[in-house]
Structure formats: C-alpha cells, structure tokens
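Trainee: I have a new structure to read. Where do I begin?

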Amino acid sequence: MSSPSISLCMIVKNEEDFIERCLKSVQNAVQEIIIVDTGSTDQTIEICKKYNASIFPYRWNHHFADARNFGLSKASGDWILWLDADEELETGHEEFLMENLKNKNVTMYYLPVINYYGESFPVDPEKAFLYHQPRLFQNHKGIQFYNRIHETPIFPKNRDSSYTVDYLKVPIHHYGYIEELTKKRGKGERNLQLIQEEYKDPNHSPWIEYHLANEYYRRGDYQKAFDYLNESIFRFLLNGVKPPSILYRLKYGILVDTNSFENALEGIDKAIALYPDYVDLHFLKGLIYYQTEKFSEALACFEKCLELGEQNSKYLILKGTGSFRAQHYKAQCLEKLGRQQTK
C-alpha cells in the first residue's frame, strides 16, 4: 500500500519570527506546503521558499475561512493538515502519523493542541491549556472552513454515513497566546474587530458571544466577558442545544478570578451535572471551597480531580487540574484540616 500524502495549508502575513520553526517541524511529515500569503512585507516568503513551499498571494478580505478555503483549492495531497505560523507539530510521530492515515475509514482527525500562556518566552510547560481540534482531514471530500474568525472545517451537509472522526495523539504546540507575541502582532485588536463584525449578522452562531467573552476576558474586562458569556449560554439553550462545556469553564473561571465565590457555588453544581467528567469544573469547585475555608469539601473536589485525570479529549483542560495543581491543593487542604484538628 502506497503511503498517503499530506498537504500542509497555512495563511500567513509577516510571520518571519515564527514560520521557520513551524515549517521545520513538519518537513518530515508533509509532502506539500501550501502558503496563502495575505501581504507579507518581511522575510516570510523567502523563508517559505527554503522549504519548497507553493506560495499563493491572496487579497485579504477579513475572513479567515475564505482564505483557508482558497488554500484548500490549491492542495493536491490525500490529506490536509492545517496550522498557523505560531504553531509547530511535535516531531517524532511521523511513522505513527503515516500508519494511521492509511486508514481511509476515518475522514477527520482531532489532534491535541497545547495552548501556552504567560508573559514571555521561553514558555513554561506547566502554563498551558490542552484542547483537541479538527486539524487533519481527507482532501477531496467536500470539507470546507466556516466562520470569519475561529474558523473550523466542517463536513458537507449532503455527506453520507461514511464520514467519521477520530483522535490522533500527535500534539501541536501553540504559542499565540503568549502576551509578548499578542502585543507585538496586535492580535487582540484584530480578533475583536472581526468577531464584532460577525456579531452584527443577525443569524450569527452563539459561539460568537463566547469568542467575544474570551477576548474581553483576556483584556481583564470581566463584566463584559461575563455578560457575553451568559448571552451565549442563553442563545444555545434557545436553539435547543446544550451549551458546550467550555462556556461553563470560562464562566466559573471568571467568578473565581473575581472572588465571587458565593455566586459561583450557586451554579457550578448544575454545570457539573451537565459535564460530570470535566476535571476543570471540579477543580474550580475545589478552589471555591478552598477560598471560603471549607477545606473538607475542597479536599473531596481535589481528590475527584486526581481520580478523573486530565486526558479527556472532549474538554479544554488546564494542565495540572488532574495532576500537580490538584495535588498541591489536596496537600494544602490536609495541612489546614490538620491545623484545625489541633485547636
């Protein structure tokens, strides 16, 4: 059986600081590199040429899905891998990747994306969120990207039952949320403008309110973030859809960050009832109890976190909520309870 071919598809503009690291990470994994350039004026194009990339100029229309789909139209590989310049594919998984892609019964793979946060480089490996995203899919299957921003590949509406998804343990490391980088690139302002454009569409998805909430949260405007988050939850319910777990993770994260512990405690059990195996919700509940000095209740939460672990591919998970962070607070609770018992 011949090995399947992979086309890497990217959108770039002035990415000279990062793009070489990205392309170097995939050079032994992909057979074709498609670069959609939206107007680079730095060394980005020259760096891409070093990796034999096919470069296609594209007039930017403030719509990421359109640019992604233009790239797809140029790709000839059996499979599409899509990345951003501030990401890299973890090396050492090339043979494993190829063996899995021989399985034509899977149409789309979700890969673990490790999103680092913090002020500057080098990154702290303990400061990261893990989230699985659809990053690898079969070409020529009618799969297209949708959404002006936070674009995602979606199966065609007229698909048959042969379209399937699976998970592949080939990590992607994402550095785009490091503050040093977001400030330099003006990413926050750009994202906010594009999401606000989408928000004006009366038929927009409830995800748009979530993305607005996320942007305001990053800016420290917790009230606006909280309001948009509640609007998103309400609109999902209005559409007859269970609000995604990630919304509750942000909602109770905001309440904990703002020391609104009583308000948080009122609702977090309802969120946990919806997503009982989501470790981050149990961790946040533990923090609420810990901060309100209910150490026995907090201890039970952190023990539940350690029981659940943090490998559940369904959820956005803060690194450590099912391991070292939970273990730390468990030890703190035991110490506090020990002190109380000696009084």
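Mentor: Begin with contact, which means heavy atoms within 4.5 Å. This is a predicted model, so local features need pLDDT of at least 70, side-chain atom pairs count only at pLDDT 80 or more, and totals for chains, interfaces and linings use all residues. Residues are numbered from 1 along each chain as its sequence is written, and side-chain values use heavy atoms, with hydrogens and water left out.

Trainee: With its neighbours within four places in sequence left aside, which residues is Ser25 in contact with?

Mentor: Ser25 touches Glu88, Leu89 and Thr91. Ser25 itself sits in helix H1, residues 19–26. Helices (H or I, at least four residues) and strands (E, at least two) are DSSP runs, numbered from the N terminus.

Trainee: Is Ser25 buried or exposed?

Mentor: Learn the scale before the case. Buried means under 20% relative accessible area, exposed means over 50%, and partly exposed is in between (1.4 Å probe, protein chains only). Ser25 has 4% relative accessibility, so Ser25 counts as buried.

Trainee: What does the side chain of Ser25 reach?

Mentor: A polar contact is a pair of N or O atoms within 3.5 Å; within protein, one must be able to donate a hydrogen and the other to accept it, and residues adjacent in sequence count only if both atoms are side-chain atoms. The side chain of Ser25 reaches the backbone oxygen of Cys22 at 2.6 Å.

Trainee: Leu89 came up as a partner of Ser25. Where is the place of Leu89?

Mentor: Leu89 belongs to strand E5. Leu89 is buried, at a relative accessible area of 4%. Beyond its neighbours within four places in sequence, its contacts include Val26, Ala29, Leu81 and Leu111. Tyr228 is 139 residues from Leu89 along the chain, and their C-alpha atoms are separated by 33 Å.

Trainee: How do I read empty space?

Mentor: Rolling a probe the size of a water molecule over the atoms shows where empty space is left. On a 1 Å grid over the protein atoms alone, a cavity is a set of points where a 1.4 Å probe fits but cannot get out. A pocket is an open set with protein on both sides within 12 Å along at least five of seven lines. Lining residues have an atom within 4 Å of a point. Grid points are joined across faces, edges and corners, and a volume is the space filled by probe spheres set on the points.

Trainee: How many cavities of 30 Å³ or more does the count come to?

Mentor: The count is one. The largest cavity has a volume of about 40 Å³. Its lining is Ile6, Ala29, Val30, Leu81, Leu89, Leu97, Leu111 and Leu136.

Trainee: How does that lining of the largest cavity divide by class?

Mentor: Ala, Val, Leu, Ile, Met, Phe, Trp, Tyr, Cys and Pro count as nonpolar, Asp, Glu, Lys and Arg as charged, and the others, Gly among them, as polar. The largest cavity has eight nonpolar lining residues, no polar and no charged.

Trainee: And what volume has the second largest pocket?

Mentor: About 410 Å³. Of its 18 lining residues, Pro112, Leu130, His132, Glu310 and Gln311 are the closest to its centre. Strand E7 gives the largest share, four residues. The lining has twelve nonpolar, three polar and three charged residues.

Trainee: What about charged side chains?

Mentor: Side chains of opposite charge can pair when their charged atoms come close. A salt bridge is a side-chain nitrogen of Lys or Arg within 4 Å of a carboxyl oxygen of Asp or Glu. The whole structure holds 20 salt bridges. One of them pairs Arg68 with Glu151 (2.8 Å, N to O). Arg68 is in helix H3, and Glu151 is in the loop between strands E8 and E9, 83 residues apart. Arg68 is buried at 4%, and Glu151 is buried at 10%.

Trainee: Now Lys102: which side chain does it meet in a salt bridge?

Mentor: Lys102 meets Glu99 (3.1 Å, N to O). Lys102 is partly exposed at 25%, whereas Glu99 is exposed at 51%.
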